[in-house]
Structure formats: structure tokens, C-alpha cells
Amino acid sequence: MTNVKTPDMSAPPALKPGTAAAAAPDNNPARPAALLASAAAVTTLLAACGGGSESSEPAPLVVVPLPAEQISGFRFTSATSDEEGARFLQQAQFSSTRDEIAAVRSANFPMWLARQYQTPLGPNGWDWLEGQGYGAVDANEHYFSTRPADYMLWNQLLSGPDAMRKRMALALSEFFVSSMSSAEFTWRSHAYAAWWDMLVRNAFGNYRQLLEDVTLHPAMGYFLNTKGNRKEDTRTGRVPDENYSREVMQLFTIGLVNLNLDGSSRGTESYTQDDVTNLARVFTGYDFDRSDGVRLTRPNNGGTIESHAFARKRMSLTASNHSTLEARFLGATVPANASGAEALRIAMDTLFNHPNVGPFFARQMIQRLVTSHPSPAYVARVASRFNNNGAGVRGDLQAVWTAILLDDEARGPASLGNPAFGKLREPMVRFIQWGRSFRVQSAANTWKIGDLSGASNQLGQSPLRSPSVFNFFRPGYVPPSTSLATAGATAPEFQIVNETSVGGYLNFMQNTIERGVADVTADYSRELALVQNAQALVDHVCLVLGAGSISAASRSVMVGALEATPITSSSTADVRRRRVLAAIFMVMGCPEYLVQK
């Protein structure tokens, strides 16, 4: 295929405008619910169990329907109930508020997707950092900290209109892993803001462009040692660093073994050490692009620091540091004395066109969005769309997301009754869902939530803070000594589940639901309007958070617990609010919520 022209990383291109589907009138909860027996009993029960503000609609835009070849063959293309709408939304983005459910039900799933794909990019992370003053060279020395990047990420994930794009960017960040937890260079927050913006910008683009942007990004360059990587030197014995050449194959493109279209192993290794060594020559000669030559005075010690311009530029190539040896890998050859640009093109095209990429990428994206152990047939259908979007284009991410979300296994009712289907919700995704579902705002627009990686008293997970290049958990992880292990079923998110993380999550969310984090607090006005009817309140919370997956038995326990403290017209505001807090907390700790179907 023809590659798209490389965009200027400092000036993201505008996208084709789309339109918002007209919102249908709000609906009352349709199903009865149940509540609880006592607040103390609830806390004991949950311990044993061991999405941004609703944004105002943009001005109407003209939406172009998805190509017929991308949506043909799907049987379940619209929501026939609020629960079906909520289930779709919770896979496609972070939240399913009443307004969002009404919007998706007023159209159909393909038209809703078309609108997401065609909506222009929202405010980016880099500009938010600048607007908050983090780009200033002053006594605060923010250029030595990653804290501003945490604040930027929570602002991006908990607020703003383009939730699906950001959901896909978060999924991509767990495939193309670059963790700011190990960043030790100046302007690291700006570099990771640019990294996040790059993922967001490419989320609805083409995998080939994304792969190249990932490869040349300064955040990745530092993380996997492409930055400063130099050609071989026979006098000193120096050889090119092989870190990126290994990981770009093992983790970002083809995996360790050759695959069938359905993701099953063909029983042979996909690359050898010789492939790693030869491919490493391609990634020599690159470094941060500090060509502007600007040096700024540091007020604290009178020294100087470079400008942050390099943090969102592609790394630059110094030809004299680039290997000119022939490089043979994966059946391709970079001829001796090829330019750095030509060597990179050959490498990117070779990796992109490898037959493993479709099933390797498809399976992991299905895991992130829909189900931990997708069937081989599901993987094959999505991989086929990666290979050909229906119009002869390979790597079209819009076609991939559409295939994942509209597949009969994702949408059909049979999956709801299949105990092997679904996934454990990631802790950070649960937190983002809470924020978007209950319209959180930062009073000062500072969003100072910070790193939530602590397992004992926080989420045990935080965006762009994976402990290693292998993400927070491995895609092939099977929980030992469980029925999942007996069945050989993968369940990646369970790799970060233990007694400490379960307790830490419950304690963190209980405090967060009540008090917020820093100056980030929720708006429960909609829930307070239902507070006198415990069953209606539980039904509402179970819908917007659990997509109707909470059983009648669990709802009954919840209703009983809430009704243990009656609400009357004379009840104080605090008593009313505590009923709402209890309903939300009970749902967010319930196993039927934690496992997303």
C-alpha cells in the first residue's frame, strides 16, 4: 500500500468533520433492581469479592456513512434496549451515561462509529501543559518531573468530547508501551504529552504510519535506547544496541512465533537472533532533534537548559552515526550504503507487511476492548479486516475497531450467557468510567490526581506508567490454580490482582466516590434526583456502570442495604448524598461489575 505522508508532529492535521446523532429523549430505568441489607454488610461483601463529564454536543456536522464493505455481515447493528446501548458504549469508550445511551440508540452502531471517526481532534495534551505554565523555565523546574504529564493524562481521559478516540489511544498505549516511570531526561512531561497526542492522532489512522511515528518518537527513543544508538565500530568492538530491534518485533508487530490468521501458533519461531542483529543497524544514528540550538537560563542555578521543542519532534538522523552495512532480516535486505531514510522505509514496510501482524495486533486489541480469551474465529475475522479493509487497504485502524466492536461475538446475546466471555475491567478504566459517568470537574482545571500506581492504597495502575515494556500484564497470562487455568483461558488483567490490590482499589474508590481526588469531584445531581426510590437509583447506577449486567439477586442486596436507612422528604442533604455514594460504591465493587461482558 502507499504510505501516508508523515505528518508534522507539532501540528496535528485536521480530520474530516462528522456529525452528532440527535439525542433521543431520556428514558427511565426499565428493569427492577434490588438493594442491600446494611452498609456494614455491604463493605464485608465487597471485601470478600476480593468516563468523563457528559460533554455538550458539537455543532451539527455532516457524517459520511462507513463503507458498505466494512459493515456488511454483522447481525447486531443497533441497540434494542438501553442495556445493549450501554454495553456497546462501555466497549467502545469509557462511559455510558443516559445521554450517551440515548445518542447511540437514536442512530445505529455503524453511524455512531462513523461520527466518532469523523469528529475533529479535541484539545491536545501538549497545549494543556503549555496553558498550565509547565513549559516555563522557572524556579519550579517542571522540566525534571513527570507529574505534569500525569495531570495532563487525567485531564485528557476524564474530560473532553472525543472519548472513543482516547479509549483506543489508551489501548494502543498498552501495545506500543513507552513508560514515563523510567524517563530521566529533561522535558519528560512534554515528551509524554507529545507521545499521548501522537497515539490519539493516529488512533483512527493507519497502523503503518503509527508504527513509524512510534519508532521515531523521542519518548520511545529514550525508553528503548534508539536515542544515541550508534553504528558498529570494529576498533572498539562497539555494536548497535539491539533493544528496539528486538522489541519492535516481539511486542509491536509479529510476536515470537509464526501465526495462522486466527492467532494460533504454526509451531515455528518468527525471527532469529540474526534478524535482531541485522535490524538493529537500521535504528542507528538517531537522537533528539535539538537543532534549534536554543538554550534557556535556569533561574535556580544560573545554568541553561534546551528548549522543549525536541520533545515533540521526530528524532533526527546523523548520517555519520548510522550503519551503512547491509542488513538482512525477515527475508528483506537493506543494501549496503543505503540512506537512513531508505533503511527505515524498508524496515517499516517489512514489519508492517509480515503476515503475523494482523492476528497478533487483532487479538490484543480484542483483549483490551471486549474479551480476554477471544475465539480463534473472532481473531481471524478482525485480522482479515486488518489485512484488507474491504477496499484493498492494509492496516486501516478504523476498519479494525469496527470489526472488533460490531462482531457478533461482541454484540450478540449469546456471549452474555457464556462464562468464558468477557474481561476483568482494568482498574484505571474503572476509575475513568466513574469520572466520565458522573461528570467530574477540576475546580481549578489543574487535574492534580497524579500517579495512581500504588497497589495498597490506589489503583495499582496508571496511564503510561507500565512497570516494563511488557505492559502491566502479559496478553498470554493465565491465572494459576483456577478454572481458567484448567480451561487454558487467558485473562491478562488478573496478573495485577492480589489481596493487596483488591483492598487498595476498594479503599481508594470508596474515598474517591465520596470526596474526589485533589480538586477533582463528581456531580451526582442526576443520581440525587432518584434518591428516594432505592430501586430506581440502583437500576440507574447498574445501567450506566454495569450495562445491566448486575443480577437481580445482587440488586436486591443493594436495595436492601440502601433501604436500611430510609429517605424521606425531611432527610438531610448529607443522608441523601450518602445513599447515592453507597449505591455507586456497591456496584463498583461487585464482581458482576468488575467482569465486563
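Alanine 403 is buried, with a relative accessible area of 4%. In this predicted model, that alanine belongs to helix α17, which covers residues 397–406. Once neighbours within four places in sequence are set aside, alanine 403 is in contact with Phe74, Tyr378, Val382 and Arg385. Serine 384 sits 19 residues away from alanine 403 in sequence, and their C-alpha atoms are 9.3 Å apart in space.

Now for a second residue, this time in helix α14 (residues 340–352): isoleucine 346. Is isoleucine 346 buried or exposed? Isoleucine 346 counts as buried because its relative accessible area is 11%, and the cut-off for buried is under 20%. Setting aside neighbours within four places in sequence, what does isoleucine 346 touch? Its contacts are Ala332, Thr333, Val334 and Pro335.

| Residue pair | Separation in sequence | C-alpha to C-alpha |
|---|---|---|
| Alanine 403 and serine 384 | 19 residues | 9.3 Å |

On to the helix pair. Helix α21 (residues 499–515) and helix α25 (residues 573–589) have axes that come within 10 Å and cross at roughly 150°. Angles over 145 degrees count as roughly antiparallel, so α21 is roughly antiparallel to α25. The crossing of α21 past α25 is right-handed. Which residues make the contact? From α21 come Tyr505, Leu506, Met509, Gln510, Ile513 and Glu514, while α25 brings Arg577, Arg578, Leu581, Ile584, Phe585, Met588 and Gly589. Sorted by class, that contact has eight nonpolar residues, two polar ones and three charged ones.

Finally, a word on confidence. The protein has a mean pLDDT of 91, and 90% of its residues reach 70 or more. Where pLDDT is low, though, the predicted coordinates should not be read in detail.

Methods: Residues are numbered from 1 along each chain as its sequence is written. This is a predicted model: local features need pLDDT of at least 70, side-chain atom pairs count only at pLDDT 80 or more; totals for chains, interfaces and linings use all residues. Side-chain values use heavy atoms; hydrogens and water are left out. pLDDT is the predictor's confidence in each residue, from 0 to 100. Axes are lines fitted to C-alpha atoms, for helices over the stretch in contact, and angles run from 0 to 180 degrees between N-to-C directions. Helices (H or I, at least four residues) and strands (E, at least two) are DSSP runs, numbered from the N terminus. Angles under 35 degrees count as roughly parallel, over 145 as roughly antiparallel, 65 to 115 as roughly perpendicular and the rest as oblique. A crossing is left-handed if the near helix is turned anticlockwise from the far one by less than a right angle, and right-handed if clockwise. Contact means heavy atoms within 4.5 Å. Ala, Val, Leu, Ile, Met, Phe, Trp, Tyr, Cys and Pro count as nonpolar, Asp, Glu, Lys and Arg as charged, and the others, Gly among them, as polar. Buried means under 20% relative accessible area, exposed over 50%, partly exposed in between (1.4 Å probe, protein chains only).
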